[in-house]
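Hi there,

Here is the structure I promised to pass on to you. Have a look around it first, and then read my notes below.

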Amino acid sequence: MDWTDDGIVLSAKKHGETSAIVTLLTPGHGRHLGLVRGGGKRTGGLLQPGNLLKARWQARLSEHLGTFRCELTEAFAAPVLRDRLKLAGLSAACAMAEGVLPERQPHRPVFEGLLALIRGLDDEDWPSAYVKWELGLLAELGFGLDLSACAATGQNDQLAYVSTKTGRAVSLAAAKPYKKSLMTLPDFLLHPGAAGPPDDVIRGLKLTGYFLIYSSLFLRAYGLTTGALVPAFLGAPDFLAVFFFDPSIEVGFVSSLVAAFAFDADFPDVFLATAVTLVFTFFVTVDLRGDALLLALALFFADRKSVV
């Protein structure tokens, strides 16, 4: 077995002394794993999540792990390392793709959307693009939201909520008796190319996060994917800062439980991070995802408010 394809690095895990098991998202072969020999410190920069590679995969049989030989095409990770918000967005996107996409099943629209999102991180409206990319990811998984018309009236005006049971939009008037069981629909999601203000971006992340957790658990239950929602971890101090800034910010059960393990085991705050994650898991009301991007956005807005 032998093929060559473009690939976005989703993760790289150390294997043995000098190798790494790398997960790539490719347009023609989907989410694909392979062993990179010599993928240790010497090629650490090459295998950073978000980088675009030209990869050649070889194996004796198709069901084998196989090996990758990779060449760097575009280095997207390095420019965002000094920007906490952009780095969180890049990490969250890569972790989300790895967590919910089934292995070795092509999803070209997801690849193309992720590549466009990464290339657009310099745009000030990239958080809105991230939310829309997650909507597209849901659609590719078969859990797309129907935001074309109200589920109750069939009209497409004043759409303001989404039903958590059906994933369909609900108008402002029809939602009155059921507001407590509905989720807010940000207006920018109804308009192609539109961007939303910070509050709407966070509402959009909560909306997509709810359905991504549902789809991830559903696919895992039926053995269609072994992935899990594993966001990049920002560090225990950031978790605490978000909690004390606004305790009402919901932190997702699935992602918070595994967030501390997204980095390599030698991460300096891994033990403290694990403790904080467990505290959040058991003592915070959690029914939505709280990924790295949502946390970073909250911190960013908190810092901006403190300056003002």
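This is a predicted model: local features need pLDDT of at least 70, side-chain atom pairs count only at pLDDT 80 or more; totals for chains, interfaces and linings use all residues.

Let's begin with a cysteine: Cys94 counts as buried because its relative accessibility is 1%. Here, buried means under 20% relative accessible area, exposed means over 50%, and partly exposed is in between, with a 1.4 Å probe and protein chains only. Cys150 is buried too, with a relative accessible area of 1%. A search of the whole structure finds 0 disulfides, where a disulfide is a pair of cysteine sulfur atoms within 2.5 Å.

Residues are numbered from 1 along each chain as its sequence is written, and side-chain values use heavy atoms, with hydrogens and water left out.

Now for the overall picture. The chain has 308 residues, and 49% of them count as buried. It holds 8 helices and 8 strands; these are DSSP runs numbered from the N terminus, with helices being H or I of at least four residues and strands being E of at least two. The accessible surface of the chain is about 15,400 Å², and carbon and sulfur atoms account for 56% of it. That area comes from the Shrake-Rupley method with a 1.4 Å probe; for residues, only the protein chains shown count as cover. Among contacts in the chain with a separation of 6 or more, 63% are between residues 24 or more positions apart. A contact means heavy atoms within 4.5 Å.

Next, a pair of helices. How do the axes of α1 (residues 84-100) and α3 (residues 126-141) cross? They come within 11 Å and cross at roughly 0°, which means that α1 is roughly parallel to α3. Axes are lines fitted to C-alpha atoms, for helices over the stretch in contact, and angles run from 0 to 180 degrees between N-to-C directions. Angles under 35 degrees count as roughly parallel, over 145 as roughly antiparallel, 65 to 115 as roughly perpendicular, and the rest as oblique. Residues making this contact include Leu85, Ala92 and Met96 of α1 and Trp126, Trp133 and Leu137 of α3.

Helix α3 also holds Ser128, which is buried at a relative accessible area of 3%. Leaving out residues up to four places away in sequence, Ser128 touches Phe188, Ala194, Ala195, Gly196 and Val201.

Then there is His32, in strand β3 (residues 30-36). Is His32 buried or exposed? His32 is buried, with a relative accessible area of 3%. Beyond residues up to four places away in sequence, its contacts include Trp3, Leu24, Trp57 and Arg104. His32 and Trp57 lie 25 residues apart in sequence, and 9.4 Å apart in space from C-alpha to C-alpha.

That brings us to Arg104, in the loop between α1 and α2 (108-119). Arg104 has a positive phi, near 65°, and is not a glycine. Its relative accessibility is 28%, so Arg104 counts as partly exposed. Gln158 has a positive phi as well, about 55°, although it is not a glycine. Gln158 sits in the loop between α3 and β6 (159-163) and counts as exposed, at 55% relative accessibility.

Enjoy exploring!
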